[in-house]
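Subject: Structure handover

Hello,

Here is the structure we talked about. Please load it first, then read the notes below.

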There are 2 protein chains.
Amino acid sequence: MTTTAPDPEDLTARARIRDAALRHFGEHGFERATIRGIAETAGVSLGLVRHHFGSKQALREACDEHLMKIMHRLHEEAASRPLGGLNPVAAMGPYRDYLARALTEGSAAPFFDEMVRIGVQWLEEADRRLPDPPGVGPRARATVIAAMALSFSVLTKHVERGLGVSLESTEGQHELLRALLYVYSHPLLTPEEAAEARAALDRRERSTS
Amino acid sequence: MTTTAPDPEDLTARARIRDAALRHFGEHGFERATIRGIAETAGVSLGLVRHHFGSKQALREACDEHLMKIMHRLHEEAASRPLGGLNPVAAMGPYRDYLARALTEGSAAPFFDEMVRIGVQWLEEADRRLPDPPGVGPRARATVIAAMALSFSVLTKHVERGLGVSLESTEGQHELLRALLYVYSHPLLTPEEAAEARAALDRRERSTS
DNA sequence: CGGGCGACTATACGTGGGTATAGTTTGCTT
DNA sequence: AAGCAAACTATACCCACGTATAGTCGCCCG
């Protein structure tokens, strides 16, 4: 994990503040989190937060930026390992809550777009090995898949309730992975159902055009 | 109050306040939304909101309750129509934003659980027609599927950016449905990939037990 | 008529919390 | 050593917003 020092700044007060902000924003959301609380967690004064980041909004942006850096590192690591690409929820441990917040209330758009970009590459490669063209563009599919993959981070609480396990535990992670693996390898719709639905969609499209 | 009639209250100030709250909470989130703003949208005074609902928290709970009522109605309608079960994002139109907020910051747990319940029924029925048992319980699968289905409501903004269309428009809806239909009817993982991943998972599980 | 009650408004109160400023310590350069 | 900039603290400001109170209007019941 700490094979290579990630950032020499990681012991500075600035880094501590940023990490505390990550946690507070993740736990309570951007609005409910207070600069005072963040300062206390980081063990610094209120003013120092402002000195380093200027405003709450700027602090949030710094967190977003840092999240992106983390993500790139995790992605490179995960690419080598097996199962890496499957479980974004596991991959990012303590940053999961912040990511979830950033996706819904904040500005994790670059992160999402990056996932789509990677997915597109992945799909284009896979499509090339296919006999018949897919009929739906890789970008649309990658978008849908990215959203689905992130749902487990965003809806963690509900997924945990549904599965009856905590997703912090490795046991919970495995439980989720097993279910994911099943769903990802078994189509939800039979060919007949899909054909029927597609027909219904075509009908509806022609009628409203 | 607590009228028993279906919707004769829908023109009363109380209903207007509730609807305005739904919109404000959905657009800005619970914290950022202000009672004053809600009152203004509803065309009433600040005090009347308090008179009818008592507190901001209670107002939110009234919204949650109303959302559940709406959902039940929409679900019954959707069950009959074709394509109904597929696109929860389309189904709930103006309530989508509020639902997304409630799922992440609020208390839409009953709603999620209801979706899981319905999914379990659906899957148990489908499993009965299967030759071999699925290996992953219906509840786990239903949970995963529910989360995935809701991701398009929660991550609407990002999905719209990815697809390049607005999900308000019927055109955007169709675009999404087409992509969904493809993904739902084509497994993401080939049998070999799935087997490999499952093997890796088993290995990992045995090593940590 | 009158009086009581629910719908509704106007105004005030208190405070949490983001922002701003002034002051103190630390450390580095010449 | 001097001095200056960055790191850091203490304190004050101020206003948005949830909450609370007092009061007005209109309707129904006896």
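Start at one histidine. The side chain of B:His158 reaches the backbone oxygen of A:Leu103 at 2.8 Å. That is a polar contact (a pair of N or O atoms within 3.5 Å; within protein, one must be able to donate a hydrogen and the other to accept it, and residues adjacent in sequence count only if both atoms are side-chain atoms). A second polar contact, of 3.0 Å, joins the side chains of B:His158 and B:Arg161. B:His158 lies in helix α9 (residues 156-163) of chain B. Helices (H or I, at least four residues) are DSSP runs, numbered from the N terminus. B:His158 has 1% relative accessibility and so counts as buried. Buried means under 20% relative accessible area, with exposed over 50% and partly exposed in between (1.4 Å probe, protein chains only). Leaving out residues up to four places away in sequence, B:His158 touches A:Leu103, A:Ala108, A:Ala109, A:Phe112 and A:Thr143. Contact here means heavy atoms within 4.5 Å.

Some ground rules. This is a predicted model: local features need pLDDT of at least 70, side-chain atom pairs count only at pLDDT 80 or more, and totals for chains, interfaces and linings use all residues. Residues are numbered from 1 along each chain as its sequence is written, chains are lettered from A and ligands numbered from 1 in the order in which they are written, and side-chain values use heavy atoms, with hydrogens and water left out.

Symmetry

How is chain A laid on chain B? It takes a turn of 180° and a shift of 0.0 Å along the axis, with an RMSD of 0.2 Å. That is the relation of a two-fold axis. The superposition is by least squares on the C-alpha atoms of residues with pLDDT of at least 70 in both copies. Of the interface residues of chain A, 100% are also interface residues in chain B, so the copies meet through the same surface.

DNA strand C

There are 17 residues around DNA strand C; A:Ile35, A:Arg36, A:Arg50, A:Lys56 and B:Ser45 come nearest. A residue is near a strand if one of its heavy atoms lies within 4 Å of it. One base contact to check: an N or O atom in the side chain of A:Arg36 is 2.8 Å from a base nitrogen of DNA strand C. Phosphate oxygens of DNA strand C also have partners. A polar backbone atom of A:Ala33 is 3.4 Å from one. An N or O atom in the side chain of B:His51 is 3.4 Å from one. The largest share of the surface near DNA strand C comes from α3(B), with four residues.

DNA strand D

DNA strand D has 16 residues around it; nearest are A:Ser45, B:Ile35, B:Arg36, B:Arg50 and B:Lys56. An N or O atom in the side chain of B:Arg50 is 2.5 Å from a phosphate oxygen of DNA strand D. For a polar backbone atom of B:Ala33, the distance is 3.3 Å. For a polar side-chain atom of A:His51, it is 3.4 Å. Here α3(A) gives the largest share of the surface near DNA strand D, four residues. In α2(B), B:Gly37, B:Ile38, B:Ala39 and B:Ala42 are buried. Just after α2(B), B:Gly43 takes a positive phi of about 75°.

Aromatics

The whole structure holds four aromatic pairs over all chains. Rings of Phe, Tyr and Trp (its six-membered ring) pair if their centres lie within 6.5 Å; planes under 30 degrees apart count as stacked, over 60 as edge-to-face and the rest as tilted. A:Phe25 and A:Phe30 form a tilted pair, 5.2 Å centre to centre with 50° between the planes. Both A:Phe25 and A:Phe30 are buried. In chain A, one aromatic cluster is formed by A:Phe25, A:Phe30 and A:Tyr98.

The ring of B:Phe30 has charges over it. The charged end of B:Arg60 sits 4.0 Å from the ring centre, and that of B:Lys56 sits 4.8 Å from it. The criterion is NZ of Lys or CZ of Arg within 6 Å of the ring centre and within 35 degrees of the ring normal.

Best wishes

Terms used
Helix = DSSP H or I, 4+ residues; strand = E, 2+ residues; numbered from the N terminus.
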